[in-house]
Structures are given as structure tokens and as C-alpha cells.
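Subject: Model handover, salt bridges

Hi,

Here is the structure for your files. My notes on its salt bridges follow below.

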Amino acid sequence: MRRVGVLLSGRGSNMIALVEQARGYDVVLVASDKPDAPGLAWAAEHGLPTFALSPRGIGKPAYEAALDGALREAEVEVIALAGYMRLLSDAFVARWRGRIVNIHPSLLPAYKGLDTHARAIAAGDARAGCSVHLVTEELDGGQVLGQAEVPILPGDTPDTLAARVLTAEHRLYPCILSEFVRR
């Protein structure tokens, strides 16, 4: 079994999906840059080790050094970003090259960054979706490992579309992570 560390910043619904649908990997650490993230509470309630530290007041280099130390202490082999809303430094990405995966709420390479659902609706796209990709120094620019499409329906708002895409994320991410760790 491969050892996975999950990084999150919020409620952790993708982290929960990764834990509940784990095949070929164990989530051995759930970490966050937000000590009050609801996902950390869920992880702790389910017996998962957690790490929480805010970079405020200590700076990004010190924060990433502490995060890296916690990941290594837990013997993490692969990092899965699950709603982690902080950009990782080039140095951190380089240390974990080829071992960080992320879920993004668009069909990459379309709509990198934020506001993906609003941008897809405004463009008149017929389909939206999500992508699991390797993390590189380029924002949402790494190799796409898998995608899931959902239709954009008449009358969709960014919120209604986001809800359908999130459901697709919960199916796609654990499946792709399982395939990735078995390589």
C-alpha cells in the first residue's frame, strides 16, 4: 500500500472521498494551512493523523519546511491536494516532483486558476468537468491523468454547475489516485 498525504484548506469533501474509496493506498496524514479547517476535524474523528499550521507570521519558507517535515515523518510517498488553496513554491514542488496530484474543477487545459464554472458558462460551453493532474511549477499545468465531463445545462449558475462537478470529482479523484499509486 502506498502512503498518501492529503493537503486541504476547507471542508475536505474530496479528502473524505479519497479516504472512503481508497484502493492501493492509505491516507496517513491530513494536513492544512488552516488549523480550523472542517476537514481536519473529520480526519481526527476518523482516527487519521493531522498536521495544521498557518503560514501567517512565519512566512512561506518556514511553513513549507514544517509541512515537508510532517509529510516525511509520516513517510508520505504521494501528496494529494484536495481543496488546498495555497500555491506551493517551486522549491517544494521540485522536492516532491512527480509525486503531487491535484483535482481541478475544469477540463484542463481550459480555465486554469479560479472562477472556472463562471468562465465556462460565460463562454457558452456545452460541457464542463474536472481534471486530475500532476502538479508542476506552472499553475494547473501538469500532465492530466484523468477527466470527467458534466453537461452545462440551460439556466446553470456557477453554484449549480459546481455542485455537479463536485459529484464528478468525488468519483474521479479516488479512481485516478488509485491508478497513479499502482504505477
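The structure holds 8 salt bridges, each defined as a side-chain nitrogen of Lys or Arg within 4 Å of a carboxyl oxygen of Asp or Glu. This is a predicted model: local features need pLDDT of at least 70, side-chain atom pairs count only at pLDDT 80 or more, and totals for chains, interfaces and linings use all residues. Residues are numbered from 1 along each chain as its sequence is written, and side-chain values use heavy atoms, with hydrogens and water left out.

E77 and R2. Their closest N and O atoms are 3.1 Å apart. The pair links distant parts of the chain, 75 residues apart: E77 sits in the loop between α3 (60-73) and β4 (78-81), R2 in strand β1 (residues 2-8). Helices (H or I, at least four residues) and strands (E, at least two) are DSSP runs, numbered from the N terminus. E77 is partly exposed at 26% relative accessibility. R2 is also partly exposed, at 26%. (Buried means under 20% relative accessible area, exposed over 50%, partly exposed in between; 1.4 Å probe, protein chains only.)

R95 and D68. Here the closest N and O atoms are 3.8 Å apart. R95 is in helix α4 (residues 90-95) and D68 in helix α3, 27 residues apart. R95 is partly exposed at 37%, whereas D68 is buried at 11%.

R97 and E137. The closest N and O atoms lie 2.5 Å apart.

Finally, salt bridges with shared partners join D68, R72 and R95 into one network.

Best wishes
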